[in-house]
Amino acid sequence: MIVKSIKSNSRSVKSKGFAILSVAFVFLMIIGVFSPVISGTDAGTNTGTRQQDQDYILRVAMQDDIKTLNPLVTSDSWTWNVIEYIYDKPVKSDPITGELIPYIAVGSASGTGKGLNDVWGWEDLNTGVFGNTPVADWEPGMTGVSEATIFYDFTNVTWHDGMQMSIRDIQFAYHVQALSPTGSSDVNCLMDLGGEFGTNYSNTNYLHIQKVYESADGLQAALRFEIQTPFESFFRSTLSVLLLPYHVWGSTVSGQAYDNTMIWCDPGYSVDNVMAWDVSDALAWHNPTSIGSGPMKYDSWNMGVSSKIITYRDHFYRENWNPDYDINGIAKQPTIEAIVFKIYKTAEQAVLALRNNDIDYIAWSLPPTFVQEVIDEPDIGIKQSMSSGFYYMGYNMRPNKRSFGYDDNGVDVGKPLRKAIAHCIDKDLIVQRLLLGFGSPGDGPISATSEWYNDSIPQYDFDPEEAKTILENAGYQLTNPTIDPGQGNWWLNPDGSNIGNSEGGKIEILTPPADYDPIRAQAGLMIAMQMQEIGIYAESIAMDFGTIVNHIDYRDFDMYILGWNINSAPPNFMYAFFHSDNAAAGQNYPGYSNSSFDAIIDTARASGDDALRLELINDAQAAIAYDLPYDVLYFKTNIEAYRSDRFTGWVSDSSGSIYNWRSILELRPPSNMWLEANFVNVASSIGSNATTDVEVLVTKNRIEVDSTITRMPVDNAFVRLAVSDGSLSAYSGTTGSNGVLRVTFTAPYAQRVNEFNSYGSSVLIEIASAELYGYDDAPSKITMLTVYPDDIDFLTVHMEAEPMTIDDTDATGALGISNIVVSVTDRSNDPIIGAEVTIQLDSLYSPSPSISPVLATTGSDGTAVFTFEAAELWDEEDREYSVSVLATKDDYESGTQSIVINVVDAHIYIPPNSDIDGDGVNNTDDDFPTDPAASVDTDGDGKPDDWNEGYTAEDSTTGLILDEDDDGDGIPDDEILSLDSNSGDDDETSLVGTYWWLIVILIVVFGIMIAIYFFKEL
């Protein structure tokens, strides 16, 4: 009975609730019908925006998934792309000047002269100053190195779980980094004798850092650093320690045996204490919550598919954070709400996703073969910059690999083999054929464009015969000494053993697969093939990027081809890559060990003398080029692509990439007023050392209320240009009255790579930016020219469209037409007769315009003419179409070129700030700017609400008919007027006044029905 009663009561409550909700729903539907009338608002206004996402989520394509959420074991760029914004560091630098500025570390006590036993206070802080604190008894000879006292402000600085940060977290960060196998180099200066084995640090983990001040509330504190070995980058590198929350990483949550584990500065700490923090436990932890203090917060990871971080709005660093620090021009939070990282294994997939507006940015450099595909793609910006890193082939020089480096006595017996292999690498061919000229050959770990570069280091020409001679002179043997080496007749070590460690003595060269990086995959194949031709048994083995990383982390390889992104000065990255301290567990993957190099790089890291450091780094480069633990193959030109219609504000930094913290801060949705800059009639090809004009057209674009876009050439726009090779007569300038900036490009010297090919060098000319006050900067664009050697005949293509912007239809409904003229010339600029020109329209839109003919032959003047016919646009969205041509002729290298034609929804272009019909209403406020008889059209149906004062229908110059329903609500204005003669012509107010009784009745009925249901229940 109890159960039955409960069921019955439940049924009754449900029925009553449903009835009330039903009545309420009917009432709300009726009110909804009248809501526009009651509110008096116009819900149909279209402001006309470019592509935007209300959530402002940046969508980034990544070629590989993150490997871990543990920053202590992160060694690949894909993982850092995600987690670098989750975890913070105490210092920050000005993005323009590079100077250190107040952040969590807000300054130092430089020059105070106070010691450890003195009383310190917040008044000792020099805000924004980061310098040494000299002491009288500092060891003589350590010029520019001393103690430093750094102040920290934790006001509003919280971890992502809401916990307050404290000075304990800073101290813990140093303890962690000092014990980290791969991250200790920047804190070695705080260890006795730099942490050398057998010193005090190795026994006690003691760091020379003392807390000298902490406020009562723990929100301000200061640490005094006693530098034990000179380190020039102390303020920029040592202070920039990775911050991890002690309450998480120092507890059982992270796999530690105890909560509140001890670190070096705790009383009673020792390395053997069971309460001591254990680095091995931390390295093994998966870190699923990823709690940091950075500007972005971990959200999710769908392994193999995507990951997401969201903006941490409680991050302290924002405008008006602390007026005492005077950095409001820099302190800010991102506009974007989140970053979603999507996995696309191939460049083809990523480019398609970018074109389909599924992503906003591709987080790796486009392969050269894809550049032409997107170079003129509407709404895609292209940025080129020289990479700060390099791509290289590394050797395993450890004794267990016997052939490539050291024997059991530490003698480098593998140097002749490495030098012989160096002569098997045709680096010019790799750059020309695989990179298509988008880069330069490497001869050491520092680019020839760097101020640190040593141009006198050893270089190894492509010379297979020299390679054989080196091996023969070094005592290497052949399996069959009676015949020439190669293809089965392999070289053996001087002791007769196989060189390689795989089956049959094969050497394995590990490379990423072709769908991941076709350049490195093909380079591996080319090098292995050439090694085989001279008798070195080698094979290129393609494997997943993450698998290669695991192999080199565990030192299990013969040779491999990978690359580095460089974000530090040569003294620091060369220390990380080649110093013997980092051979066992650091980034010295080859296991290179050279005491002379170690001494050179140690001195370079310690010295504050710029001239001495440069000299030392020159010597360090020479050592690496002579010993060849790495053979640097090439430096690459980064070519990055992004959606320019969804976000504006991308900027480059010293890393050579637009994916950086400054971009994340500056990204914002585009406004309705923006600039566009495009190349006009640029040559497709040019001869070695020749010149050609380059023209840039800048237009200022504006979205009107009716969603149409007006485009006007703009004078006095400031344009910045860049070029990957060769030179420009000017790298910046302002446009003239026609919106055009013209400069002269001088091509670099080009030569044949070898006698069997005629590959030209590709050169990128970039519109880095175009600026005009009040408008969004134009997105970057590039054009590509091929530079041919003097003895190569080639076709040069120029392409013009007249006009470049057309309406989809004219007043009669006829489709818009543009004439495309293609000029084909030879290297002397003489017209080419009889060249076949094929034209192609690249469009993702439907319906698509048409071009006729699709194939034409150049006439006596070297030109071919095509007709571009627009398709009618039905969605009031303007379109940009990329049109490309290919010109071919026997005995000539072909030429290709492309342009963009704009098709706009049919309308008459109206200058925005004038009154062309003379009715006293500015064009921007006039719904009928070419007709003096009317100026207002409330509902946008093309009919005026009323005639202008003093005008009638007879005065209309465009045949206008007066609108009988101004607001488009379906009720004629004259019927509204008859319902309320006092309403004038405001039918919305009239309707409310007329039907007030109906609204009252509905409210009363609704109340009665509620009362009845409650009465029944009682």
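This is a predicted model: local features need pLDDT of at least 70, side-chain atom pairs count only at pLDDT 80 or more; totals for chains, interfaces and linings use all residues.

Entry one, the cores. I looked up the largest nonpolar core and got 195 residues. Tyr152 and Tyr174 have the most contacts inside it. Which strand gives the most to this core? I found strand 21, with eight residues. Apart from that core lies another, of 27 residues, and I jotted down Val719, Leu741, Val743 and Val787 as being among them.

I checked residues 570-578 and found the helix mostly covered, with nine of its nine residues buried. Among them are Pro570, Asn572, Tyr575 and Phe578. What do the buried residues of helix 15 pack against? My list reads helix 5, strand 14, strand 20, helix 16, helix 17 and strand 21 (630-643).

I followed helix 11 (residues 427-434) to where its axis comes within 11 Å of the axis of helix 13 (residues 518-533). The two cross at roughly 140°, so I put them down as oblique to each other. I noted the crossing as right-handed. On the helix 11 side, Leu429, Ile430 and Leu434 make the contact; helix 13 brings Ile519, Gln522, Ala523 and Met526. Sorting the residues of this contact, I got six nonpolar, one polar and no charged.

Methods
Residues are numbered from 1 along each chain as its sequence is written. Side-chain values use heavy atoms; hydrogens and water are left out. Axes are lines fitted to C-alpha atoms, for helices over the stretch in contact, and angles run from 0 to 180 degrees between N-to-C directions. Helices (H or I, at least four residues) and strands (E, at least two) are DSSP runs, numbered from the N terminus. Angles under 35 degrees count as roughly parallel, over 145 as roughly antiparallel, 65 to 115 as roughly perpendicular and the rest as oblique. A crossing is left-handed if the near helix is turned anticlockwise from the far one by less than a right angle, and right-handed if clockwise. Contact means heavy atoms within 4.5 Å. Ala, Val, Leu, Ile, Met, Phe, Trp, Tyr, Cys and Pro count as nonpolar, Asp, Glu, Lys and Arg as charged, and the others, Gly among them, as polar. Buried means under 20% relative accessible area, exposed over 50%, partly exposed in between (1.4 Å probe, protein chains only). A nonpolar core is a set of buried Ala, Val, Leu, Ile, Met, Phe, Trp, Tyr and Cys residues joined through side-chain atoms within 4.5 Å.
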